[in-house]
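Subject: Structure handover

Hello,

Here is the structure I promised to pass on. Please open it first, then read my notes below with the model on screen.

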Amino acid sequence: MYYGSEFLNWHLVRYFQNHSQPIQFTRSRPSHSNDNAHVEQKNGSCVRQLFGYQRFDHPQLVRLMNDLYANEFSLLNHFFCPTMKLCEKKRVGAKIIKKHAQPQTPAQRLMTHSAISSQQKDNLKNIYNSLNPFTLRDSIQKKLKLIFESVI
């Protein structure tokens, strides 16, 4: 028997390993106890804003949620939602002074990056020109309504 944050007894481990589809237990990287905090930070800024904190128990919703997140939501975030990037951080006594660059969308950052070819930049421009943030928003709302109606 273990005492601590990860309490697993051997009966539970044996049950999951002898399951028809064995379930693997994973842990954070060694000596990196804050890995989960970084995952939850991204969940808070993207996933939780979109789907909220409700639990989705229906396996058939996975396809709908992945489709929404991979298509409309990612296009909206990458092309129309600017973010601030930290460019400088210095300590003055006990105070930390941070300086941020001008807010840019991820697509704008890609356009200014030197490793991106001109063909890839043209593809990004074509995608951007074909998008309308209002139709993306409407499509997101329709899919969210479908997902939340399926849960109830």
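**Charged pairs**

Start at Glu 72: this residue is buried, with a relative accessible area of 13%. Keep in mind that the model is predicted.

Why might a charged side chain find a partner? Side chains of opposite charge can pair when their charged atoms come close. Glu 72 does have a partner. Its side chain meets that of Lys 143 in a salt bridge, at 3.0 Å from N to O. This pair links distant parts of the chain, with Glu 72 in helix 3 and Lys 143 in helix 6, 71 residues apart.

Now look at Asp 67. It forms a salt bridge with Lys 143 too, and the closest N and O atoms are 2.5 Å apart. Asp 67 lies in helix 3 (residues 61-80) and Lys 143 in helix 6 (residues 133-151), so this pair ties together parts that are 76 residues apart in sequence. Is Asp 67 buried, exposed or partly exposed? Its relative accessibility is 29%, so it counts as partly exposed.

How many salt bridges are there in total? The count comes to three. The one still to mention joins Arg 137 and Asp 138, with 3.3 Å between the closest N and O atoms. Arg 137 is partly exposed, at 41% relative accessible area. Asp 138 is partly exposed as well, at 37%.

**The nonpolar core**

Next, the largest nonpolar core. It has 17 residues. Which of them touch the most other members? They are Leu 50, Phe 51, Leu 68, Ile 140, Leu 144 and Ile 147. Helix 2 (35-51), helix 3 and helix 6 are the elements that give two or more residues to this core. Helix 3 gives the most, with six residues.

What does it contact, leaving aside its neighbours within four places in sequence? The list is Leu 68, Tyr 69, Phe 73, Ile 140 and Leu 144.

**Cysteines**

Cys 81 has a relative accessible area of 29%, so it is partly exposed. Cys 87 is at 56%, and exposed means over 50%, so Cys 87 counts as exposed.

Over to you.

Best wishes

Conventions. Residues are numbered from 1 along each chain as its sequence is written. This is a predicted model: local features need pLDDT of at least 70, side-chain atom pairs count only at pLDDT 80 or more; totals for chains, interfaces and linings use all residues. Side-chain values use heavy atoms; hydrogens and water are left out. A salt bridge is a side-chain nitrogen of Lys or Arg within 4 Å of a carboxyl oxygen of Asp or Glu. Helices (H or I, at least four residues) and strands (E, at least two) are DSSP runs, numbered from the N terminus. Buried means under 20% relative accessible area, exposed over 50%, partly exposed in between (1.4 Å probe, protein chains only). A nonpolar core is a set of buried Ala, Val, Leu, Ile, Met, Phe, Trp, Tyr and Cys residues joined through side-chain atoms within 4.5 Å. Contact means heavy atoms within 4.5 Å.
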